[in-house]
Amino acid sequence: MTDDIAGQSSSLVPEVARKAFASSSNYEKVRQGYPADAVRFFLQNLRLLDDSTACKKKVLELGSGTGKFTRVMLEIVNKQNVTVIASDPLEEMCKEFKQHQPDTEIIQCTAERIGLLDASIDVVIACQCFHWFANPTALEEIHRVLVTDGFLGLIWAVCDFSVPWLARLWEFMAPLYKEKSIVCPYDEKWKDVFSSTRRRLFSDLEGNLDYSLSFPIKDLHDAYHFFSSLSVIASGNESTQKSFRQLFYKVIREEFEDKGVAFEQVPFKIYLYWCNKIN
Ligand SMILES: C[S@@+](CC[C@H](N)C(=O)[O-])C[C@H]1O[C@@H](n2cnc3c(N)ncnc32)[C@H](O)[C@@H]1O
């Protein structure tokens, strides 16, 4: 890993992501974690929990952020022959990561320019971030660092916007994804990249959408802070943020307080996908 790659990586991230993830400590505080049962199933399908694995496996996690997924993964692979290298393009994220996970290596790089050797990684994982780099350059780079038949695993925890009160928030947010040209994890547009490269790089995606998570929220303001940390709101101007705040408290009043229903959790769906490098 050269200093050149680390130094340039922040500037290669689109401004909207730099703005949205500028406060790594806030991200750590307000965002949800990942359910261990879904992560275990995911890692099993990436062949990382196979006791018979004789040789050490190397995992590269892209866009690790503060390490919310990494910590769950490390707990699960604890006794396996697995080494995890985390990564993130933003310096602030890498620093925050180190505070929580001092013994895990983290490198500062984008998915488009990883800076590790060819065929040096058994499994590449992207948690809650592949949509930020769903482009042919990143896919070629992931393919380059993977060993023959290596795995690419993708996981998202996505608010269940089919729930009526969340659907009202989604109505506000959906047009912002279009306006800011952010590939949205919800509509699976990110899948298009797999058919957009010059040659086919990966096998067909396999997946599982059966897992869910109920993220407990202690009070309504925590819930507001969670939603306002989502990229389309966090990177928005003052007027967007103000309108979202008004809408959020209106929805809560009408859907919970006026109906005498207690607000306790945000329902999520867990999306899991995996595929293999085609050589
Ligand atoms: C929503 S956060 C997910 C963080 C962490 N994986 C988690 O689940 O909490 C998205 C992360 O993707 C990273 N990211 C954005 N663009 C990227 C790129 N081009 N290459 C790699 N990571 C990127 C951001 O810096 C951010 O930390």
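Is the crossing of α8 and α11 right-handed or left-handed? I looked it up in this predicted model: the α8 and α11 crossing is right-handed.

Next I took the geometry of that pair. Helix α8 covers residues 164–179 and helix α11 covers residues 238–257. Their axes come within 10 Å and cross at roughly 160 degrees. Angles over 145 degrees count as roughly antiparallel, so I put α8 and α11 down as roughly antiparallel to each other.

I then listed who meets whom. From α8 I have Trp-165, Arg-168, Leu-169 and Phe-172. They meet Phe-244, Leu-247, Phe-248, Val-251 and Glu-255 of α11. By class I noted seven nonpolar, no polar and two charged residues in this contact.

I moved on to helix α9, residues 220–228. The axes of α9 and α11 come within 11 Å, crossing at roughly 140 degrees. That makes α9 and α11 oblique to each other. This crossing is right-handed. Leu-220, Tyr-224, Phe-227 and Ser-228 of α9 meet Gln-241, Phe-244, Arg-245, Phe-248 and Ile-252 of α11. I noted six nonpolar, two polar and one charged residues here. Phe-244 and Phe-248 are in my lists for both α8 and α9.

Last, the record. An unreviewed UniProt entry places "domain: Methyltransferase type" at residues 60–152. In the model that span is 32% helix and 28% strand, and its end C-alpha atoms lie 10 Å apart.

Definitions and conventions:
Residues numbered from 1 in each chain as written. Predicted model: local features only at pLDDT ≥ 70, side-chain atom pairs only at ≥ 80, totals over all residues. UniProt positions renumbered as here; feature names shortened; annotations may be inferred. Helix = DSSP H or I, 4+ residues; strand = E, 2+ residues; numbered from the N terminus. Axes fitted to C-alpha atoms, helices over the stretch in contact; angles between N-to-C directions. Parallel < 35°, antiparallel > 145°, perpendicular 65-115°, else oblique. Left-handed = near helix turned anticlockwise from the far one by under 90°. Contact = placed C-beta atoms within 7 Å. Nonpolar A, V, L, I, M, F, W, Y, C, P; charged D, E, K, R; others polar.
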